[in-house]
Amino acid sequence: MSGTMKLGCIADDFTGGTDLANNLVRAGMRTVQCVGVPAGPVPDCDAVVVALKSRTAPAADAVAQSLAAARWLRAAGAAQLYFKVCSTFDSTPQGNIGPVAEALMDELGAGFAVVTPAFPENARTVYKGHLFVGDVLLSDSPMRHHPLTPMTDANLVRVLQAQLDPARGRRVGLVEHRVVAQGVDAVARRIEALRADGVALAIVDALGDDDLRTLARAAAALPLVVAGSGLAIGIPALHGLRPDDRTAQLPPPDGARAVVAGSCSAATRAQVEAFLAAGGAGFAIDPLQLAAGRDLAAEALAWARPRLGAAPVLVYATAEPAAVRAVQQQLGAAHAGALVEQALSRIARGLVESGVGQLVVAGGETAGACVQALGITQLRIGPQIDPGVPWCHAATPARAAGLHLALKSGNFGAVRFFHHAFGLP
C-alpha cells in the first residue's frame, strides 16, 4: 500500500464521501474516494475516503463496515481517522452515528473525539450545541420530515448521548463558541478539562470557517474526529498543503447528459421543479406503480433513449412529504425505498450503457444504489459544482470511456443546480 497517506476517512454514504473529498481537494489534498472497503492498494495520494452505504443500515452492519474500513485505512498508514457524517446529523435514536463512533474509539484506543457537523459554506452551523440549517434550528427545518431519519431535536449533545451504549459509560460534552473564538490553545484546554471530567465526546460549536480551522488544529493529535465535511477545510494545511487547481483536474467530459433524482428533500424538490418549469424533459417514478408490478425502469429507459444528447433528461422519484408518507403507509418505508432504489439504479446503468457520459445523481441512498449498479469502485474528485458537490470521474463496466459523475446530497445545491452542473443558463 502507498506510504504517503496522511488522512483516512470513512463516510457513511456515497454523496457524503464526495462532499468530504471535495473539500479536501479544494484545500490541496490529493484524494481518492473508494466505494466500499478496497480489496487492494490505492493510487499514491494524500487522503483516501472509503464511502459506505451505512447511514441507515442496521447499526451492527454499520459498525462492521466502518471497522473494516478503519482497519484497511490504518494498515495503509493513516494516522488520523475522519468519520464523516451528514451536515444535518442524519440518524435515529438508535444511531448510527453514536454506535459507529464508539466502535471506532474502541478500535483506535481513543479516549476522546470531537464532533461537529458544521459546514458554514452550506449554511450548517452549531451554536451552544444546537445545529442550525440556515437561520432555523434543525428541528424546525424540512429535515424534521425526512422519511428515514427525521431530525426533531436540534440539541446535538442530547441526540448523540441518546445513541451511546450506556454499558460503555461514555458522556457527551460541549465546546462552546466563546471558547472556540479564543483560539487553538483555549480549545485544547477545554478538551483536556472535559477529558479530566470523564467526557469522551464533545460537540464543538462552529459559526464560520475560521472556527473549523481552529478546531482542526486543536484536534490534530486526536486519532479520531467525527464531523461533516466542513472540518476538512482545515486539515490539508496541517500537512503543509495549499490549494492547487491541478488536484481537481479530470479528463474532458463527453457523452449525453442525464439526472437521476431519488431524494425527497426540500432542496431536491425545488431543483426538480425548476428543471421541469424551464422546459426540461422529465419522467416520474411512482412507487405504487412499481409495487403493482409495472416495469417503470424499462419504460423510463425507452422514454429517455431517443431524447439523449446535449440537453439533460431527468428521471425522478422526488415527491412532497405528504405523498411520501402515504406511500410508506401503504408499502412500508423500507419496502418503498428499496423499490425506488432498485428502479433508479437500473435506470442509471441503462442510461450510461445508452450513451450517457455525464450523470448527476441526487440523494444519498439513491447514489449508493446507482454507484453499486454501475460497478464503480473508485472516484477521482474534480471541480466543485456547488458547495459540497464536485464532478468526479470513474471507470465503469457500463462505459469504456468512463463516466463523469456528480453525487449530490439531497439537501445540497442551488435551485438551478441541474442546469448549473451542465453549464446551462
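**Before the close-ups.** Buried here means under 20% relative accessible area, exposed over 50%, and partly exposed anything in between, using a 1.4 Å probe and protein chains only. The model is predicted, so local features need pLDDT of at least 70 and side-chain atom pairs count only at pLDDT 80 or more, while totals for chains, interfaces and linings use all residues. Residues are numbered from 1 along each chain as its sequence is written, and side-chain values use heavy atoms, with hydrogens and water left out.

View 1. Cys45 has a relative accessible area of 2%, which makes it buried. Cys86 is buried too, at 5%. A disulfide is a covalent bond between the sulfur atoms of two cysteines; the criterion used here is a pair of cysteine sulfur atoms within 2.5 Å. For Cys45, the closest cysteine sulfur belongs to Cys34 and sits 7.6 Å away, too far for a bond. For Cys86, the closest one is in Cys264, at 15 Å, again too far. By this rule the model holds zero disulfides.

**View 2. Thr31 in strand β2.** Helices (H or I, at least four residues) and strands (E, at least two) are DSSP runs, numbered from the N terminus. Thr31 belongs to β2, which covers residues 31–35. With a relative accessible area of 9%, Thr31 is buried. Its side chain reaches the backbone oxygen of Met29 at 2.9 Å. Contact means heavy atoms within 4.5 Å. Setting aside neighbours within four places in sequence, Thr31 is in contact with Ala21, Leu24, Val25, Ala47, Val49 and Ile381.

View 3. Helix α2 takes in residues 59–75, 17 residues in total. The expected span of a helix is 1.5 Å times one less than its number of residues. For α2 this gives 24 Å, and the end C-alpha atoms are 24 Å apart, which agrees. Which residues of α2 are buried? They are Ala62, Val63, Ser66, Leu67, Ala69, Ala70, Trp72 and Leu73. These buried residues pack against β1 (7–11), β3 (47–51), β4 (80–84) and α3 (97–108). After the helix comes Gly77, whose phi is positive, near 110 degrees.

View 4. β1 is mostly covered, with five of its five residues buried. In a regular strand the side chains alternate between the two faces of the sheet. Leu7, Cys9 and Ala11 point one way from β1, and Gly8 and Ile10 point the other way. Two strands pair if DSSP finds at least two bridges between them. β1 pairs with β4 in the parallel sense over five bridges, and the bridge partner of Gly8 in β4 is Leu81. Five bridges also join β1 to β3, again running parallel; here Ala11 stands opposite Ala51.

**View 5. Two nonpolar cores.** A nonpolar core is a set of buried Ala, Val, Leu, Ile, Met, Phe, Trp, Tyr and Cys residues joined through side-chain atoms within 4.5 Å. The largest one has 79 residues, and Tyr82, Ile285 and Leu359 have the most contacts inside it. Helix α12 (residues 333–353) gives the most to this core, with eight residues. Apart from it lies another core, of 54 residues, including Ala70, Val85, Leu164 and Leu224.

View 6. β15 (residues 356–362) is mostly covered: seven of its seven residues are buried. Strand β12 (residues 256–261) pairs with β15 in the parallel sense over six bridges, and Ala261 stands opposite Ala362. β15 is also joined to strand β18 (residues 399–408) by five bridges, with the two running parallel.

**View 7. The open sheet β6-β7-β8.** These three strands form an open sheet in that order, with antiparallel pairing. β6 (124–127) and β8 (136–137) stand at the edges, each with a single partner strand, so one side of each has no neighbour in the sheet. Four bridges link β6 and β7 (residues 130–133) in the antiparallel sense. Thr125 has Phe132 as its bridge partner in β7.

Technical notes. A polar contact is a pair of N or O atoms within 3.5 Å; within protein, one must be able to donate a hydrogen and the other to accept it, and residues adjacent in sequence count only if both atoms are side-chain atoms.
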